[in-house]
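Visitor: Hey, can you walk me through this one? I'd like to talk about salt bridges and helix packing.

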Amino acid sequence: MVEITIMKERISAWGHAEDSAGCAAISAVLYALAGGLVNLDCCTCWEIRSGYADIVIPDLPEARSMRMMAEVGLRQIACGRNDIRILPETTADKDS
């Protein structure tokens, strides 16, 4: 089971999907987000390793847009699977 928290200032995930396709899909979105943040050339803080990811989102318009795109991708992946879930109590803020 992969559990994902999405907040205004960070996205975190932990656990493993039931198959490699699920893990690869989640990893692709999270690595794309982390890479995009690095390309902003601002101070970024993130950690991705097997079964764990934590990405801090800087308070910049471009970073907030990247977070929103990552959120959409993660929600689409989770929508079709029983082994990946977005925790409801930590959904992103509504004013983004």
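Visitor: Is Asp 19 buried, partly exposed or exposed?
Guide: This is a predicted model, and in it Asp 19 has 34% relative accessibility, so it counts as partly exposed.

Visitor: What does its side chain meet in a salt bridge?
Guide: Asp 19 pairs with Arg 81, at 2.8 Å from N to O. Arg 81 lies in the loop between α2 and β5 and Asp 19 in the loop between β2 and α1, so the pair ties together parts 62 residues apart in sequence.

Visitor: Which residues are linked with Arg 81 in a network?
Guide: Asp 19 and Asp 83 are linked with Arg 81 in a network of salt bridges. The bridge from Asp 83 to Arg 81 is also listed at 2.8 Å, N to O. Asp 83 is buried, with a relative accessible area of 5%, while Arg 81 is partly exposed at 21%.

Visitor: How many salt bridges does the structure hold?
Guide: Eight. One of them joins Arg 10 and Asp 54. Arg 10 sits in strand β2 and Asp 54 in strand β4, 44 residues apart.

Visitor: OK, switching to helices. At what angle do α1 and α2 pack?
Guide: About 180°, with the axes 10 Å apart. Because an angle over 145 degrees counts as roughly antiparallel, α1 is roughly antiparallel to α2.

Visitor: And which residues make the contact?
Guide: Among them are Val 29, Leu 30 and Leu 33 of α1, and Met 66, Ala 70 and Leu 74 of α2. By class, the contact has eleven nonpolar, one polar and one charged residues.

How values were computed
Residues numbered from 1 in each chain as written. Predicted model: local features only at pLDDT ≥ 70, side-chain atom pairs only at ≥ 80, totals over all residues. Heavy atoms only, no water. Axes fitted to C-alpha atoms, helices over the stretch in contact; angles between N-to-C directions. Helix = DSSP H or I, 4+ residues; strand = E, 2+ residues; numbered from the N terminus. Parallel < 35°, antiparallel > 145°, perpendicular 65-115°, else oblique. Contact = heavy atoms within 4.5 Å. Nonpolar A, V, L, I, M, F, W, Y, C, P; charged D, E, K, R; others polar. Salt bridge = Lys/Arg side-chain N within 4 Å of Asp/Glu carboxyl O. Buried < 20%, exposed > 50% of the residue type's maximum accessible area, 1.4 Å probe, protein only.
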